[in-house]
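Dear colleague,

I am handing over the structure we spoke about, which you will find just below. My notes on it follow, arranged by topic.

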Amino acid sequence: MDIREPMDSEALFDFGEFPTLETPRLYLRELAPADAPAVFAIRGDYEVTKYNGGANYTRLDQAVALIRGIANDYRDKRSIRWGITLRHDPKHVIGMCGYNYWLRKDARASIGYDLARAHWGKGIMPEAIRAIIEFGFQRMGLKRIEADASADNMRSVRVLEKLGFQREGVQHEQFYEESESGDLILFSLLRRDYRPPAT
Ligand SMILES: CC(C)(COP(=O)(O)OP(=O)(O)OC[C@H]1O[C@@H](n2cnc3c(N)ncnc32)[C@H](O)[C@@H]1OP(=O)(O)O)[C@@H](O)C(=O)NCCC(=O)NCCS
């Protein structure tokens, strides 16, 4: 798929009907209240939340509140987050990814993501992020996608590097977690640099 500028006649994404996305292995869809147990299973895992700030969930109602907050942010046209499912099992959410903020004036937005541990190491998140990158460049008209990762979160750093994100710098001792300060690496992917994988 070529990454092209949104055409003049093509309105930018306006948070109308939720945009489901498909990849060879995945189906990215809107989260629903019924996904709370699956979201709880993801966010209840310390290994998943370790680098994300905030403790792992201990109660199902935290997942219920997260899904409600995501729906409210979508309704208010603030941000968008997809539930990641396998194509053959679209009812079961195994992860989430999306844009945390979208600064329309600057045509830039920031991504975030997490995946259930049972699915790590199979290239699932790069595949999901590629789909939302293309959505961001084509439908949101982004020129720049931002991301950050704890310097210790080698899996996340690797995902961003595989997708072509460039390191822009390090914010030293940017956060304090579990009695230790940590560094945050800042990344960006510019539309003018993005090369979609050959299909
Ligand atoms: C980060 C995360 C989304 C990665 O998703 P994934 O689908 O497993 O990604 P991949 O399958 O591409 O695997 C990650 C890569 O990291 C590499 N990796 C794994 N452990 C590593 C380590 N200790 N050091 C360096 N690289 C490592 C893997 O080898 C793989 O790279 P490769 O394809 O070149 O072999 C997933 O681990 C996750 O959800 N983590 C918890 C939440 C999180 O950290 N979110 C991001 C916050 S910024």
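How do the residues of the shell around the ligand divide into nonpolar, polar and charged? Before the answer, please keep in mind that this is a predicted model. The shell divides into 11 nonpolar, 5 polar and 4 charged residues. In total 20 residues surround the ligand, and the closest are Leu-115, Trp-120, Met-125, Met-154 and Arg-158. Strand 5, helix 4 (124-138) and helix 5 (154-162) each supply at least two residues of that shell, with the largest share, 5 residues, coming from helix 5.

Turning to the sheet, 8 strands form an open arrangement in the order 1-2-3-4-5-6-8-7, and the pairing is mixed. Its edges are strand 1 (21-22) and strand 7 (166-177), each of which pairs on one side only. Strand 7 runs antiparallel to strand 8 (residues 180-190), to which 8 bridges join it, and Tyr-176 has Ser-181 in strand 8 as its bridge partner.

Elsewhere in the sheet, strand 3 (residues 80-86) pairs with strand 4 (residues 89-103) in the antiparallel sense over 7 bridges, and a hairpin of 2 residues joins the two strands. In this pair Trp-82 stands opposite Cys-97. Strand 4 also pairs in the antiparallel sense with strand 5 (residues 108-115), over 8 bridges, and here Tyr-99 stands opposite Ile-111. The hairpin between strand 4 and strand 5 has 4 residues between the strands, and Ala-107 in the turn has a positive phi of about 50 degrees.

The largest nonpolar core holds 45 residues, and those that touch the most other members are Val-39, Ile-84, Cys-97, Ile-111, Ala-128 and Ile-129. The largest share of this core, 7 residues, comes from helix 4. If residues up to four places away in sequence are left out, Cys-97 touches Trp-82, Ile-84, Ile-111, Tyr-113, Ala-128, Ile-129 and Ile-132.

As a check on geometry, the 15 residues of helix 4 should span 21 Å at 1.5 Å a residue, and the end C-alpha atoms are 22 Å apart, which agrees. Helix 1 (residues 36-43) is mostly covered, since 6 of its 8 residues are buried, namely Ala-36, Ala-38, Val-39, Phe-40, Ile-42 and Arg-43. What covers these buried residues includes helix 2 (46-49), helix 3 (60-75), strand 4 and strand 5.

Finally, a word on Glu-30, whose place is in the loop between strand 2 (26-29) and helix 1. Glu-30 and Trp-82 lie 52 residues apart in sequence but 5.4 Å apart in space, C-alpha to C-alpha. Not counting residues up to four places away in sequence, Glu-30 touches Phe-18 and Gly-83.

With best regards

Note on methods. Residues are numbered from 1 along each chain as its sequence is written. This is a predicted model: local features need pLDDT of at least 70, side-chain atom pairs count only at pLDDT 80 or more; totals for chains, interfaces and linings use all residues. Two strands pair if DSSP finds at least two bridges between them. A residue is near a molecule or strand if its C-beta atom, placed from the backbone, lies within 6 Å of it. Ala, Val, Leu, Ile, Met, Phe, Trp, Tyr, Cys and Pro count as nonpolar, Asp, Glu, Lys and Arg as charged, and the others, Gly among them, as polar. A nonpolar core is a set of buried Ala, Val, Leu, Ile, Met, Phe, Trp, Tyr and Cys residues joined through C-beta atoms within 7 Å. A residue is buried if 20 or more other C-beta atoms lie within 10 Å of its own, exposed if 12 or fewer, and partly exposed in between; C-beta atoms are placed from the backbone. Two residues are in contact if their C-beta atoms, placed from the backbone, lie within 7 Å. The expected span of a helix is 1.5 Å times one less than its number of residues.
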